[in-house]
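This note is intended for a colleague who is new to the structure. Please read the points below with the sequence and the model at hand.

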Amino acid sequence: MAIVPPAENSQPWTDRTVGMSSAVLDRMERAVAKVRERLLRAAAALKRVGIPFAVCGGNAVASWVATVDEGAVRNTRDVDLLVRRSDLASITLALEQAGFVAGVVLDVVLFRDGADGKPSEGIHLLFTGEKTRPDHLWPAPEIQTVSDPENFPVIALESLVIMKLMSNRDKDRMHLRDLIGVGLVDSSWLPKLPAPLASRLQQVLDTPDA
């Protein structure tokens, strides 16, 4: 369909665009800050009682990307933590004491930020030695971490890449492209991966702008 320009007596194009008020920009900034605050609060609660864990998912990707180019960091709305199933009771107690509310949605163990918190914006748990989804080829890896400058443990890069390749959703491929874009992942990884995952990584390498 052809785009028809406005008639001479109508408002110009620029008058029909949506303006971004300072209030909207403030909301955008607060949304990012809230995710970071939840991450730091949950991490502090678990560290306080000595529970091993690793930040994974989008926040781990952001932490790794920031080591190279902070301007390439992509925001995420939830917090994924890799933990041990045997620690679940202690994790629940620690996070509830930090203001989170335990629950399960679609078989995902999660913690909402308060009674009115959204599950999609909460703390989501993944368990070592268990498949995160039934279609995953292998279970989640063991907890191997590096330290983020803000003092929380981030999953090792190799484990993060493997988890992203196993999930293989659109957002996982997007996260892999972020890591590729800053030079943390490249074709030298292919021989180190199991064949099914190497094939997925090759597809992502071949479609950098997808």
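**Notes on the predicted model**

1. The buried residues of α6 are covered by elements that include α4 (157-167) and α5 (170-181). Contact here means heavy atoms within 4.5 Å, and buried means under 20% relative accessible area, exposed over 50% and partly exposed in between, with a 1.4 Å probe and protein chains only. Helices (H or I, at least four residues) and strands (E, at least two) are DSSP runs, numbered from the N terminus.

2. The model is predicted: local features need pLDDT of at least 70, side-chain atom pairs count only at pLDDT 80 or more, and totals for chains, interfaces and linings use all residues. Residues are numbered from 1 along each chain as its sequence is written, and side-chain values use heavy atoms, with hydrogens and water left out.

3. Helix α6 (residues 195-206) has twelve residues and reaches 16 Å from its first C-alpha to its last, close to the 16 Å expected at 1.5 Å a residue; the expected span is 1.5 Å times one less than the number of residues. Its buried residues are L197, A198, L201 and V204. Seen down the axis of α6, these fall within an arc of 120 degrees, so they line one face of the helix; the arc is that of the directions from the helix axis to the C-beta atoms. The face turned away from this buried side carries the exposed residues A195 and D206.

4. The protein chain has six helices and seven strands. From the N terminus on, its elements run α-β-α-β-α-β-β-β-β-β-α-α-α. Of its 210 residues, 39% are buried.

5. Strands β3 (residues 100-105) and β4 (residues 108-113) pair in the antiparallel sense over six bridges; two strands pair if DSSP finds at least two bridges between them. V105 has V108 in β4 as its bridge partner. In this hairpin, with two residues between the strands, L106 takes a positive phi near 50 degrees.

6. β4 also pairs with strand β5 (residues 123-127), in the antiparallel sense over two bridges. Here the bridge partner of L110 is H124 in β5.

7. D80, in strand β2 (residues 79-83), deserves a separate point. D80 is buried yet has no salt bridge, and the nearest side chain of opposite charge, K164, is 5.8 Å away. A salt bridge is a side-chain nitrogen of Lys or Arg within 4 Å of a carboxyl oxygen of Asp or Glu; Lys and Arg count as positive and Asp and Glu as negative, while His and the chain ends are not counted. Not counting residues up to four places away in sequence, D80 touches A54, V55, C56, G57, G58, H124 and L126.
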